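Reader: I would like to go through the labels in this model one by one. For each, tell me the value and the cut-off behind it.

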Amino acid sequence: MKLNTSNLSKIASLAKIITPNYDRDQVRQGIVHIGVGGFHRAHLALYIEKLLNLGANQDWGICGVGLLAQDSAMQQMLVEQDFLYTLVELQDTDDTETQIIGSIGDFILADQEKNRLIDKLLSDDTKIVSLTITEGGYCIDDSTGEFDPSIAQIQQDLNNPQNPNTIFGYLTLALKKRKEAGQKAFTIMSCDNLPHNGDITKKVLLSFSRLIDPQLSEWIAHNVSFPNSMVDRITPATSADHKRFLLEKTGIEDSWPVVCEPFTQWVVEDNFCNGRPDFEKVGVQFTDNVGAFEAMKIGLLNGSHLMLACTGILLGYEFAHQTMQDSSLRRYVRQFMDNDVTPRLDEIVGVDFEEYKNTLIFRFANVEICDQLLRIASDSCAKYPKFILPTLQWLIAHNKPLDRIALMTAAWIKCVTGALNGDTAIPNIVDPKQDVLVQAVSKDSKTVENFLAIEDVFGSHIAQNPQFVELVTLKLEQIETLGMKEALVLTVSC
Ligand code: CS2
């Protein structure tokens with residue numbers, strides 16, 4: 001049974017499937033979301049769906065936006081399915097929860113519908129613009145923490161502010177027009193895994209708009225709010241197996257369902273300049289202390305993920321749960337959490353770090369979702385500075401052992417050189433900055449030094465730290481001569 005509006009009542013009669021219980025035609029779109037991927041569809045779109053199902057917040061539906069040409073696949077799927085999709089929560093018990101989500105009511109492909117997108121951003125209905133544009137999408141130079149205006153697309157938008165293509169170009173143009181028309185601004189809410197995601201978004205947008213119109217930049221600073229948030233839900237890329245599973249289990253034919261774990265968390269600052277949904281009714285936590293939650297989640301979850309992905313890939317594993325079945329890797333990641341990350345975290349009232357870490361191990365071990373290590377390792381150039389570097393810098397500043405991060409870094413180097421040398425046992429990790437990585441490892445014999453000198457990833461100090469350089473060199477040698485398994489055993493026992 002194909003997923004669409006006309007089949008919805010039949011689908012609703014199937015056992016154990018939750019379907020929208022509200023009139024979708026009555027929902028207005030108060031949120032414009034940029035970057036509709038699996039995570040958005042498993043997270044914000046679900047929180048809104050829950051509110052709509054409570055009969056509340058009919059003004060807070062979502063209009064999805066794709067800024068990239070490849071987003072046309074998402075648009076096509078959503079249009080064909082009347083903007084409905086299936087969310088499947090999987091755990092290794094039998095209570096799989098399947099829900100049809102209807103909170104996305106439209107989708108704009110910026111490339112082809114520029115004016116429609118600008119009109120949408122100018123609509124009085126639009127009160128929040130939310131973002132999942134990936135960790136690398138904020139045009140931050142990670143070596144300085146500042147906005148990098150030299151990026152070609154940014155330059156293009158700075159030179160053609162009336163004809164934008166980047167998110168910052170669109171936001172600036174829309175806010176300029178709202179200002180001129182005397183309209184209220186909208187909240188810009190980042191849902192990406194960046195420490196201080198709201199502050200970063202603000203910094204970038206203010207820097208960008210200042211280069212176009214300093215007064216506008218001032219107005220944005222005073223009228224737009226940028227809540228910081230910690231977002232969490234493991235959402236693998238949808239595979240053919242996931243689709244087949246859904247079809248076999250329920251009879252629903254969905255060309256792009258989303259599979260995720262049952263766990264979900266969202267901690268946000270209550271800082272919305274133009275109203276917000278009643279998120280607290282559906283489990284969103286509001287706090288003034290988001291920074292501590294972000295540091296915990298990004299350091300422990302995303303950091304561990306990257307540690308596991310780079311080492312796990314070299315051990316021949318494909319999925320996160322396989323790494324948890326390997327006792328050495330399990331020990332390795334727990335040691336990383338306990339010895340490397342936890343000591344630098346601020347206490348959070350009501351959060352027990354031990355319990356949090358146990359839950360993480362349990363979540364990583366989820367066999368059913370089959371979370372791909374290649375997904376987790378992708379875009380490591382943007383992830384390492386946010387997920388690993390703060391921990392590494394803290395360890396260096398406190399004279400602590402650097403072995404575990406050195407091993408992961410060596411494993412990453414090995415993955416890059418292996419794929420470059422055509423080693424078929426090593427799969428290629430997708431990274432938009434692949435060229436920079438390849439250049440670093442193909443220069444001369446000083447592979448480690450060259451790699452750690454990539455300032456975008458490691459900043460300017462790591463390559464100057466002889467202890468870390470030496471350790472990464474040693475770990476890389478161990479991986480090459482003894483193999484990843486033995487290098488890992490040596491690391492966890494030191
Ligand atoms: C992963 C995240 O891709 C990654 O780097 O660590 O997507 C992770 O699954 C989510 O942040 C979980 O909330």
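**Labels and their grounds**

Author: Thr447 has a relative accessible area of 17%, and that makes it buried. Keep in mind that this is a predicted model.

Reader: Why is Thr447 called buried?

Author: The label needs a relative accessible area under 20%. Thr447 is at 17%, so it counts as buried.

Reader: Where does Thr447 sit, and what does it touch?

Author: Thr447 belongs to helix 20, residues 447–452. Leaving out residues up to four places away in sequence, Thr447 touches Ile413, Thr417, Ala440 and Val441. Contact here means heavy atoms within 4.5 Å.

Reader: How do you know that Val469 is buried?

Author: The cut-off is again under 20%. Val469 has 10% relative accessibility, so it is buried. Its place is in helix 22, residues 466–482. Beyond its neighbours within four places in sequence, Val469 contacts Val448, Glu449, Leu452, Ile462 and Ala463.

Reader: How far is Val469 from Met74, in sequence and in space?

Author: They are 395 residues apart in sequence. From C-alpha to C-alpha, Val469 and Met74 are 43 Å apart.

Reader: What makes Gln183 buried?

Author: Gln183 has a relative accessible area of 18%. Buried means under 20%, so at 18% Gln183 gets the label. Gln183 lies in the loop between helix 7 (167–180) and strand 10 (187–190).

Reader: What makes the pair of Gln183 and Leu122 a polar contact?

Author: A polar atom of the Gln183 side chain lies 2.6 Å from the backbone oxygen of Leu122. The limit is 3.5 Å between N or O atoms, so the pair at 2.6 Å is within it. Gln183 also touches Ser123, Asp124, Lys177, Arg178 and Trp219, not counting residues up to four places away in sequence.

Reader: Now the ligand. Which residues surround it?

Author: The ligand is surrounded by Asn193, Asp232, Arg233, Ile234, Lys297, Leu301, Asn302, His305, Arg375, Ile376, Lys383 and Phe387. The cut-off for such a residue is a heavy atom within 4 Å. By class, the shell has 4 nonpolar, 3 polar and 5 charged residues.

Reader: Which helices supply at least two residues of that shell?

Author: Helix 11 (290–314), helix 15 (373–377) and helix 16 (380–387) each do. Helix 11 gives the largest share, 4 residues.

Reader: Next, the strands. What makes strand 11 and strand 13 a pair?

Author: At least two bridges are needed. Strand 11 (residues 229–232) and strand 13 are joined by 4 bridges, so they pair, and they run antiparallel. Asp232 stands opposite Gln265 in strand 13.

Reader: How many bridges link strand 13 and strand 14, and in which sense do they pair?

Author: They have 2 bridges, in the parallel sense. Strand 14 covers residues 285–286. Val268 stands opposite Phe286 in strand 14.

Reader: Why are strand 11 and strand 14 called edges?

Author: The open sheet has 3 strands in the order 11-13-14, with mixed pairing. Strand 11 and strand 14 each have a single partner strand, so one side of each is left without a neighbour in the sheet.

Reader: What about the faces of strand 13: buried or exposed?

Author: Both are covered. Gln265 and Val267 on one side, and Trp266 and Val268 on the other, are all buried.

Reader: How many residues of strand 3 are buried?

Author: In strand 3 (residues 61–66), 6 of its 6 residues are buried. Gly61, Cys63 and Val65 point one way, and Ile62, Gly64 and Gly66 the other.

Reader: What pairs with strand 3?

Author: Strand 2 (residues 29–34) is joined to strand 3 by 5 bridges and runs parallel. Strand 6 (residues 104–109) is also joined to strand 3 by 5 bridges, in parallel. Gln29 has Gly61 as its bridge partner in strand 3, and Val65 has Ile108 in strand 6.

How values were computed:
Residues numbered from 1 in each chain as written. Predicted model: local features only at pLDDT ≥ 70, side-chain atom pairs only at ≥ 80, totals over all residues. Heavy atoms only, no water. Buried < 20%, exposed > 50% of the residue type's maximum accessible area, 1.4 Å probe, protein only. Polar contact = N/O pair within 3.5 Å; in protein donor to acceptor, adjacent residues only side chain to side chain. Nonpolar A, V, L, I, M, F, W, Y, C, P; charged D, E, K, R; others polar.
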